[in-house]
Amino acid sequence: MTLEGRKIMKNDYNRDENIMVPPVDIYETENEYVIKADMPAVQKENVDITLNNNKLELRGKVTADTERDNVKYGEYELFDYYRSFNVGNDISSAAISAHMKDGVLTLTLPKREEIKPKKIEIKVN
């Protein structure tokens, strides 16, 4: 990730902390939106996803890596992750699901039934 993917945020204790903005891919199908976010080194129990007032927030916390304590030379840095999105009213918030595999968070945001395209059947008399 490039430096543009980093930003400084205030944590819960009002201290500055480095946060990585995870790269994402967003797909849309007829029935849902799918967001795939890269969050390497984050375990599923350390992911927090909230949807409040049409703002979807993703947070990933990286736990300490004990192997890093003995590094003599390193170019790899661990950061926590944060990304937010404004979503429309077309999302069925009660049906949102999330899956984490190999450092990739996959969110499925189903569309509300009333906004999905409907096929009108023509009846013959």
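Modeller: Buried means under 20% relative accessible area, exposed means over 50%, and partly exposed lies in between (1.4 Å probe, protein chains only). This is a predicted model, in which local features need pLDDT of at least 70, side-chain atom pairs count only at pLDDT 80 or more, and totals for chains, interfaces and linings use all residues. Residues are numbered from 1 along each chain as its sequence is written, and side-chain values use heavy atoms, with hydrogens and water left out.

Biologist: Is Thr108 buried or exposed?

Modeller: Thr108 sits in strand E9; strands (E, at least two residues) and helices (H or I, at least four) are DSSP runs, numbered from the N terminus. Its relative accessible area is 19%.

Biologist: Which residues is Thr108 in contact with, leaving aside its neighbours within four places in sequence?

Modeller: Contact means heavy atoms within 4.5 Å. With those neighbours left aside, the partners of Thr108 are Glu32, Tyr33, Ala95, Ile96 and Ser97.

Biologist: Why does Thr106 count as buried?

Modeller: Thr106 also has its place in strand E9, which covers residues 104–110. Beyond four places in sequence, Thr106 is in contact with Val34, Ile35, Lys36, Ser97, Ala98 and His99. Thr106 counts as buried because its relative accessibility is 17%.

Biologist: What separates the C-alpha atoms of Pro110 and Glu28?

Modeller: Pro110 belongs to strand E9 and is buried, with a relative accessible area of 17%. Its contacts beyond four places in sequence include Asn31, Glu32 and Asp90. Pro110 and Glu28 are 82 residues apart along the chain, yet the distance between their C-alpha atoms is 9.8 Å.

Biologist: What is the order of the open sheet of 4 strands?

Modeller: Strands of a sheet pair through backbone hydrogen bonds, either parallel or antiparallel. Here two strands pair if DSSP finds at least two bridges between them. The pairing in this open sheet is antiparallel, and the order of its 4 strands is E3-E4-E9-E8.

Biologist: Which are the edge strands?

Modeller: An edge strand of this sheet pairs on one side only. That holds for strand E3 (24–28) and strand E8 (97–101).

Biologist: How many bridges join E3 to strand E4?

Modeller: A hairpin of 3 residues connects E3 to E4. Val24 stands opposite Ala37 in E4. The two strands run antiparallel, and E4 covers residues 32–38. The number of bridges joining E3 to E4 is 5.

Biologist: How many salt bridges does a search of the whole structure find?

Modeller: Side chains of opposite charge can pair when their charged atoms come close. A salt bridge needs a side-chain nitrogen of Lys or Arg within 4 Å of a carboxyl oxygen of Asp or Glu. Across the whole structure, the total is 4.

Biologist: How far apart are the closest N and O atoms of Lys61 and Asp80?

Modeller: Lys61 forms a salt bridge with Asp80. This pair links distant parts of the chain, 19 residues apart: Lys61 is in strand E6 (residues 55–62) and Asp80 in strand E7 (residues 80–86). Lys61 is partly exposed at 46%, whereas Asp80 is buried at 13%. Their closest N and O atoms are apart by 3.0 Å.

Biologist: Which residues do salt bridges that share partners join into one network?

Modeller: Glu57 meets Lys55 in a salt bridge of 3.8 Å, N to O. Glu57 also forms a salt bridge with Arg59, at 4.0 Å between the closest N and O atoms. Glu57 is buried at 18%, while Lys55 is partly exposed at 34% and Arg59 is partly exposed at 37%. The network joins Lys55, Glu57 and Arg59.

Biologist: Which residues of the largest nonpolar core touch the most other members?

Modeller: A nonpolar core is a set of buried Ala, Val, Leu, Ile, Met, Phe, Trp, Tyr and Cys residues joined through side-chain atoms within 4.5 Å. The largest one has 18 residues, and E4, strand E5 (42–52), E6, E7 and E9 each supply at least two. Beyond four places in sequence, Met39 touches residues including Leu58, Tyr81 and Leu105. Those that touch the most other members are Met39, Val42, Leu56, Leu58 and Leu105.
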